[in-house]
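Subject: Structure for you to look at

Hello,

Here is the structure I promised. Please open it first, then read my notes below.

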Amino acid sequence: MADPLWLADVLRADGLTVIEHEGWKDRGHGDFRDLRGVLCHHTAGGGKNDWRIVQDGRADLAGPLAQLVLERDGTFRVIAAGVCWHAGRGSWPGWPTDNANYHVIGIEAVSRGDGSDWTPAQLEAYKRGCAAILRKIGRDADDCVGHKEYSAEGKIDPAGIDMDDFREDVQKFLDGNPNTAGGTDMPSANEVVKALLETRIPRPDGTPGETVGNVLAWTDQHAAQLVVEQLGPGSDGIRGPVANPKRWPELGNRTQVEALMAILDALKIAPRAAK
Ligand SMILES: [Zn+2]
């Protein structure tokens, strides 16, 4: 059997908050065949008790109706490890037509179902959770599918989510670039630093001058050079021993310090003890 008894662990390992429902490892309508992806739904309820229907079912359909429930605060409830009734009739490349329940994990995300009440925490957890599952089963974001995409029965869930954008973010989580995923327009720390270093500092006349990156590099370089010139050979620079101190032809190829030492020698002035 291919039941995902690892569901809670895999989600938790990705930093997600998980509630394990009593008996989830034994709950389901039989065992999975093989795992090929994740099917995304909304509950069309939106309340704190949406999970009850997912776990227990409704008059016309026995529960469990999905392996996972995603609360509005981003918490995952692990409901079942066995097969659940959520996919219905439909098709998707690489999935068995009208028989996806035995091959894909269902996530029921708590939402009214009009696409207006998703929270940022919920959307981020939705993508992270899908990525964690897909990574575990060796699939990529192409196998993260909306019920509205799969269904031949006119399903609209998850409403308000563009699944192409969603998959793009899921793939970023899979590729290990979480800073650039998450569905917000916030730039990553790396992007901010890169933009700063490429910014040109205006000259006094207002025209664009050197980049911040160049100025920083030159400042660093010149500071290091000054240390060398002042301290002489064998002295310790900020980053360890100075390798090639500046020697002045005018001083007989001495460093400034060596030239001063030569003068002291010639005048027979004993060097003072270093303090
Ligand atoms: Zn659905």
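Start with one term: buried means under 20% relative accessible area, exposed means over 50%, and partly exposed lies in between (1.4 Å probe, protein chains only). Two remarks on the source follow. This is a predicted model, in which local features need pLDDT of at least 70, side-chain atom pairs count only at pLDDT 80 or more, and totals for chains, interfaces and linings use all residues. Residues are numbered from 1 along each chain as its sequence is written, and side-chain values use heavy atoms, with hydrogens and water left out.

**Overall**

The chain has 275 residues, and 41% of them are buried. It holds 8 helices and 12 strands. Helices (H or I, at least four residues) and strands (E, at least two) are DSSP runs, numbered from the N terminus.

A cis peptide bond joins Asp-157 to Pro-158, with omega about -5 degrees. Another cis bond joins Gly-63 and Pro-64, with omega about 5 degrees. Pro-64 is in the loop between strand S4 (61-62) and strand S5 (68-70). Most residues other than glycine have a negative phi, and most peptide bonds are trans.

Now for positive phi. Asp-98 is not a glycine, yet its phi is about 60 degrees. Its place is the loop between strand S6 (76-78) and strand S7 (104-109). Asp-98 is partly exposed, at 42%. Lys-268 has a positive phi too, near 55 degrees. Lys-268 lies in the segment after helix H8 (256-266) and is exposed, at 75%.

**Salt bridges**

How many salt bridges does the structure hold? There are 16. A salt bridge is a side-chain nitrogen of Lys or Arg within 4 Å of a carboxyl oxygen of Asp or Glu.

- Arg-77 and Glu-71 meet at 2.7 Å, N to O. Arg-77 is buried, at 15%, and Glu-71 is buried, at 11%.
- Arg-112 pairs with Asp-114, and their closest N and O atoms are 3.6 Å apart. Arg-112 is partly exposed, at 48%.
- Arg-167 pairs with Glu-149, with the closest N and O atoms 2.7 Å apart. Arg-167 lies in helix H5 (residues 163-174) and Glu-149 in helix H4 (residues 147-150), so the pair ties together parts that are 18 residues apart in sequence. Arg-167 is buried, at 9%, while Glu-149 is partly exposed, at 27%.

Salt bridges that share partners also join Asp-9, Arg-12 and Glu-20 into one network.

Have a look at these places in the model.

Best wishes
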